[in-house]
Amino acid sequence: MLSDEDFYIKEVKKQIENQLGWPSSASWKQRDYLNLIDLIDKKTEINLSLSTIKRIWKPDYIGTPHPATLDAFALFLGYKNWLNFKENNSPSLDEQQVGISAKEQRFKKSLLPIILVILISVLGVFIIQSNKSVDAPESIQYDANELKFSSKNATLKGVPNTVIFDYDISSVHADSFYIQQNWNALLREKIQPENKQLTTMYYYPGVHQAKLIANDSIIKETPIRINTNGWLAFARYNYTDKIPVYFRDDLQKDGALSVSKQQLAESKIELSKNPIVSYYYVDNFTDLSSGNFTFETRLKCDSVFNITCPYVSICLLGEYDMNIIPLTTKGCIGNVNLKFGDTTHTGKSHDLSAFGTEVYQWQDLKVETRNNKAIITINENQMYEIPFSKDIGEVTGISFNFTGTGSVDYIRLLNGDEKLIFSDEFDVNL
């Protein structure tokens, strides 16, 4: 009997073949797989490699494809994502073989000795093949010394920002190549070995690790740094949205950083979809290590939406990663995650009740990192400690992300010697 995930992978392949209306996949040639890749790319904007498609479409395939691959299949069929596909294609009782008769069970039991002999005889083969039970990329041959991958910005500050990638992959032997902007697998563009440059648009500030990918393997990375020109505010519906809606003016109201409900409406943001409103400040701070600094702020959610679990994440951005501090209502703490350096505490497995508070009222937040530990104080009460072994490098910026919208009263960043490196009280026009 197939495992649950194997069933859904077999089912999604069957539905894709039915939608295509092509001859049986048993007769597909390489051009058919390439055509399928092109169709998925056009409909979902997700680029899949030839090796991935051919491997998954093997009749005896049993494995665990990358989540982005499964999302691409689901989107191609008109579903929201892989989870949505599974919710709408649950196996029937017959498919789950719940009603196996007693006679069938006795017959299967009689086969047990034979099966054991077969299992023992093929054990060596199984061990060799076991590494193929996951969707591991095929081997790629290249000389790292001959591989080139670098970038330059059209402008150092502001978004959108054009980034030009220079690459040389002539020494790499693979069937497909991509450049991925950052962590988001949806932001991946196909490149050709005979070319040397790719120009692409970045719509979000920060430090991004662009990835050079051959088949499914990351073979090299290069950092992209995009600073803001002062404070930047924008709205989106999901963290994976490619292009946000920017707010350029009137970000200061009554001594606070804020975007109003009217501004959202004027920008045609659909309030019923619970948009995420973000404020970003990214700059070249000096002498500000994420392993030894202090961050202070005052903020609140604005009650302009009827949101079941209002939420704000405060992100301290670094060279290599980000720290994340959540705030929500007391009843919703099971949904949040806290992250510092290489350590993450989830609301599912840790008591994060310290981060449940009256988010529609002003909250004073203080974060101190010393000796591989972050101490978090809320409203002058020390609430939580989280250790980490690896920090995120130099601090590069701050972001606030509200479900709905929110306000920020002040910001302060101090280094390990308590020297003020950056502050903003929002008392003057931006």
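Biologist: Which residue in E22 does Leu299 stand opposite?

Modeller: Leu299 stands opposite Val408. Before going on, a word on the source: this is a predicted model, where local features need pLDDT of at least 70 and side-chain atom pairs count only at pLDDT 80 or more, while totals for chains, interfaces and linings use all residues. Residues are numbered from 1 along each chain as its sequence is written, and side-chain values use heavy atoms, with hydrogens and water left out.

Biologist: How should I read strand pairing, and how many bridges join E13 to E22?

Modeller: Strands of a sheet pair through backbone hydrogen bonds, either parallel or antiparallel. Here a strand is a DSSP run (E, at least two residues), numbered from the N terminus, and two strands pair if DSSP finds at least two bridges between them. E13 and strand E22 (residues 405-415) pair in the antiparallel sense over 10 bridges. E13 is also joined to strand E18 (residues 363-370), antiparallel again, by 7 bridges; there Glu296 has Lys366 as its bridge partner.

Biologist: Why is E13 called largely enclosed?

Modeller: Buried means under 20% relative accessible area, exposed over 50%, and partly exposed in between (1.4 Å probe, protein chains only). Strand E13 (residues 293-302) has 9 of its 10 residues buried, so the rest of the structure largely encloses it.

Biologist: What about Ile325: buried or exposed?

Modeller: Ile325, found in strand E15 (residues 322-328), counts as buried because its relative accessibility is 0%. Contact means heavy atoms within 4.5 Å. Leaving aside neighbours within four places in sequence, Ile325 is in contact with residues including Leu338, Phe340, Phe355 and Val367.

Biologist: Which residues have the most contacts inside the largest nonpolar core?

Modeller: A nonpolar core is a set of buried Ala, Val, Leu, Ile, Met, Phe, Trp, Tyr and Cys residues joined through side-chain atoms within 4.5 Å. The largest has 48 residues, and Tyr279, Phe295, Phe355 and Phe400 have the most contacts inside it. A second, separate core of 29 residues includes Phe165, Leu198, Tyr202 and Ile219.

Biologist: In what order do the strands of the open sheet with E1 come?

Modeller: The order is E1-E2-E5, with antiparallel pairing among these 3 strands. Strand E1 (148-153) and strand E5 (197-202) are the edges, each pairing on one side only. Between E1 and strand E2 (residues 161-168) there are 6 bridges, and Lys148 has Asp168 in E2 as its bridge partner.

Conventions. Helix = DSSP H or I, 4+ residues; strand = E, 2+ residues; numbered from the N terminus.
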